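Hi,

Here is the structure I said I would pass on. Have a look at it first, and then read on for what turned up.

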Amino acid sequence: MARLLADLTPLRVSPAYRRLWIGNSLSAVGTQLTLVAVSLEVFHLTGSSLAVGMLGAFALVPLVVAGLYGGAVADHVDRRKLALASSSVLWLTAVLIAAQAWLGLESVWVLYVLVAVHSGASGINQPTRGAIIPALVGLKLLPAANALNMMTFSVAMMVGPLFAGVLVAQVGYAWTYSVDVVTFLAALYAVWRLPSLPPRRQDGADPAISAGARRLVGWGSVVEGFRFLGSRPNLRMTFIADIVAMATAFPRALLPAIGAVVLGGGEAAVGILLAAMALGAFLTGLFSGPLTRIVRHGAAVYWAIVAWGLSVAGFGVVVYLAARAGASGGDPRDYLWAAAACLALAGCADSVSSVFRNTILQSATPDHLRGRLQGVFIVVVAGGPRVGEMLTGGAAELLTEPVTLMAGGVLCVLGVSALMRWQPGFLKYDSRHPVP
């Protein structure tokens, strides 16, 4: 059993990583509380789903811009200082979101602006932290560290929305936001305790203090990162494969209609389906011990994405059977738990893919370029699902939800298999000899 459970070695050997992981675990739940509560408050103020949807637009654009540029900055300055500065902005934004609730401003535009600022700061903070992890735990422990991080994220995704609804109903928005203000202090303290972390070139030079790095970081530095990525097939494949998986088979946009209408379970069924994906990710992190012993990371990414596509296609089959049962007078709710099981498997597969894609990115990228490529990683992780939601939502209007899911899952498997034929070297990627 010990070999199956998550490898806790990074927590034991690196006090800095341990503090960061604990701080992130606490703050991640608080952040999810705030994000869900903000959407509830916007709907409370406007009664409009469109107004709630606009939160995504105000969040995505700053995240993309700041993620790309922030990653470039992280490759030219002390990453500890940049992480501390961006974390401070995140905390201050949480304070202001709580303050507007305590003051009773009830302004949607104030919330939009604060969400945009929070997202921009997150766009700088996330790639910076991603570039920091290898320096704290070493390349050998990266799979274990990334699995632990994934477990934290999945717990926050399960617990945050649940607690947000309960807290908003019981104590109101102001107290709910205040939880985030308090819990984020743990993450801020963990970053403050980090040692100095200037980026290092392969030749050992420190670009943070070199003559070339003293110039103002411009978008040319971002372009330099993309140019490096374009010439490194294994790193490039980690992004392309994820985009194919998300664009063809991301089911979240269809879950409200499937849970409430097709399965006939109302909002509770939608909540179960959403929680099932997060549960799959959590279980992957909890039983991630075997992942740390895998060295063929490229093959692991491929098979994880194949499993993702098959799970989504299986989900489509279950939804189709539920729809037929409902049409013939049966109870479609009988299929709810089978549908949830398919989504749990999908969440598990997506987590495995994420762990190994991030590990390849962190280990095969030179340290002085890690920030930029982590920035691209954040953009892909944020943007890919948005594209998937748009495509699957549009396809469902023409093909129905079950057919869209089955076709999307099959296209995912075919698409990622075609990528492997195009770049067969990716399947041979070995973590013992990381080649970008």
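Arg-432 counts as exposed, at 56% relative accessibility. Its salt-bridge partner is Asp-430, and the closest N and O atoms of the two are 2.7 Å apart. Asp-430 itself is buried, with a relative accessible area of 12%. So this bridge has one end on either side of the cut-offs, because buried means under 20% and exposed means over 50%. Do keep in mind that this is a predicted model.

There is also a network: Asp-75, Arg-79, Asp-367, Arg-370 and Arg-372 are joined into one by salt bridges that share partners. Within it, Asp-75 pairs with Arg-372, with 2.7 Å between the closest N and O atoms. That pair ties together distant parts of the chain, 297 residues apart: Asp-75 sits in the loop between helix H3 (49-74) and helix H4 (79-103), while Arg-372 belongs to helix H14 (residues 370-399). Are these two buried or exposed? Asp-75 is buried, with a relative accessible area of 1%, and Arg-372 counts as buried too, at 5%.

Another salt bridge runs between Arg-333 and Asp-331, where the closest N and O atoms are 3.1 Å apart. Here Asp-331 is partly exposed, at a relative accessible area of 30%. The total count is 7 salt bridges.

Pro-332 is in the loop between H12 and helix H13 (336-364). Pro-332 is buried, with a relative accessible area of 13%. What does Pro-332 touch, not counting residues up to four places away in sequence? The list is Val-262, Leu-263, Ala-322 and Gly-326. Val-261 is 71 residues from Pro-332 along the chain, and their C-alpha atoms are separated by 9.5 Å.

The largest nonpolar core has 66 residues, and the members that touch the most others are Leu-235, Ile-258, Leu-273, Trp-308 and Phe-315. A second, separate core has 22 residues, among them Ala-16, Ile-133, Met-151 and Leu-197. As a bit of background, nonpolar side chains tend to be buried together in soluble globular proteins.

Leaving aside neighbours within four places in sequence, Leu-235 is in contact with Phe-228, Leu-229, Ile-360, Leu-361, Ala-364, Thr-365, Leu-373 and Pro-436.

Helix H9 (residues 233-249) has 17 residues and spans 24 Å from its first C-alpha to its last, close to the 24 Å expected at 1.5 Å a residue. H9 is mostly covered, with 13 of its 17 residues buried. Helix H15 (residues 401-422) has 22 residues and reaches 31 Å between its first and last C-alpha, close to the expected 32 Å. Which residues of H15 are buried? They are Pro-402, Thr-404, Leu-405, Gly-408, Gly-409, Cys-412, Val-413, Val-416, Leu-419 and Met-420. In an α-helix, residues three or four places apart point the same way, because there are 3.6 residues a turn. The buried residues of H15 pack against H9, helix H10 (255-262), H12 and H14.

Over in helix H4 you will find Ser-87, which is buried at a relative accessible area of 0%. Apart from neighbours within four places in sequence, Ser-87 is in contact with Asn-125, Arg-129, Phe-184, Leu-188 and Val-191.

On the surface, Leu-4, Leu-5, Leu-279, Leu-283 and Phe-287 make up a nonpolar patch, with about 390 Å² of accessible area together. Phe-287 lies in the loop between helix H11 (266-286) and helix H12 (297-327). Phe-287 is partly exposed, with a relative accessible area of 38%.

Glu-106 has a phi near 50°, a positive value in a residue other than glycine. Glu-106 sits in the loop between H4 and helix H5 (108-137) and counts as exposed, at 56% relative accessibility. Thr-400 is not a glycine either, yet its phi is positive, at about 80°. You will find Thr-400 in the loop between H14 and H15, where this residue counts as partly exposed, at 40% relative accessibility.

Cheers

Conventions: Residues numbered from 1 in each chain as written. Predicted model: local features only at pLDDT ≥ 70, side-chain atom pairs only at ≥ 80, totals over all residues. Heavy atoms only, no water. Helix = DSSP H or I, 4+ residues; strand = E, 2+ residues; numbered from the N terminus. Expected span 1.5 Å × (residues − 1). Buried < 20%, exposed > 50% of the residue type's maximum accessible area, 1.4 Å probe, protein only. Patch = residues over 30% accessible without salt bridge, like charges linked within 9 Å, V, L, I, M, F, W, Y side chains within 5 Å. Areas by Shrake-Rupley, 256 points an atom, 1.4 Å probe, with all protein chains shown as cover. Salt bridge = Lys/Arg side-chain N within 4 Å of Asp/Glu carboxyl O. Core = buried A, V, L, I, M, F, W, Y, C linked by side-chain atoms within 4.5 Å. Contact = heavy atoms within 4.5 Å.
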